[in-house]
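Start with the model itself.

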Amino acid sequence: ALEDAFVQKVRQIVANNYEDENFALPQLCDAIGMSRSQLFRKMKALTDTSPSDFIRDYRMQQAKILLESRQFSVKEVAYKVGFKDLSHFSKTFQDAFGFSPSYFHK
């Protein structure tokens, strides 16, 4: 389906850029060639998620995979998924999963 292809394209762009702390909604809009409002409406309709939440959720999923591997510290994982601020990363992770990122390092 065409719609699924659009979501796949967005996911691919996010996948290629999520490690960059400066990658956010404006960069996604540029990459996909749509205005904020167009992208917001289309993403909301297709995924029931805003583009910003989509980016954040993608980053959190990647963070969880990295933390589960136990190869990196929480701080390293935060940087790897595009967070400069460790406390912001921890709070975002806690909100996403209901437990702190340090859970994997007990």
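## Arg-59

The side chain of Arg-59 reaches the backbone oxygen of Asp-20 at 2.8 Å. Arg-59 sits in helix H4, residues 51-69. Helices are DSSP runs of H or I with at least four residues, numbered from the N terminus.

Arg-59 is buried but has no salt bridge. Buried means under 20% relative accessible area, exposed over 50%, with a 1.4 Å probe and protein chains only. A salt bridge puts a side-chain nitrogen of Lys or Arg within 4 Å of a carboxyl oxygen of Asp or Glu. The nearest side chain of opposite charge is that of Asp-20, 6.2 Å away.

Setting aside neighbours within four places in sequence, Arg-59 contacts (heavy atoms within 4.5 Å) Asn-17, Tyr-18, Asp-20, Glu-21, Phe-23, Val-81, Gly-82 and Phe-83.

## Basis

The model is predicted: local features need pLDDT of at least 70, side-chain atom pairs count only at pLDDT 80 or more, and totals for chains, interfaces and linings use all residues. Residues are numbered from 1 along each chain as its sequence is written, and side-chain values use heavy atoms, leaving out hydrogens and water.

## Helix H6

H6 covers residues 86-97. Its buried residues are Phe-89, Thr-92 and Phe-93.

The face turned away carries exposed Ser-87, Lys-91 and Asp-95. Gly-98 follows H6, with a positive phi near 85°.

How values were computed. Helices (H or I, at least four residues) and strands (E, at least two) are DSSP runs, numbered from the N terminus. Lys and Arg count as positive and Asp and Glu as negative; His and the chain ends are not counted. A polar contact is a pair of N or O atoms within 3.5 Å; within protein, one must be able to donate a hydrogen and the other to accept it, and residues adjacent in sequence count only if both atoms are side-chain atoms. The expected span of a helix is 1.5 Å times one less than its number of residues.
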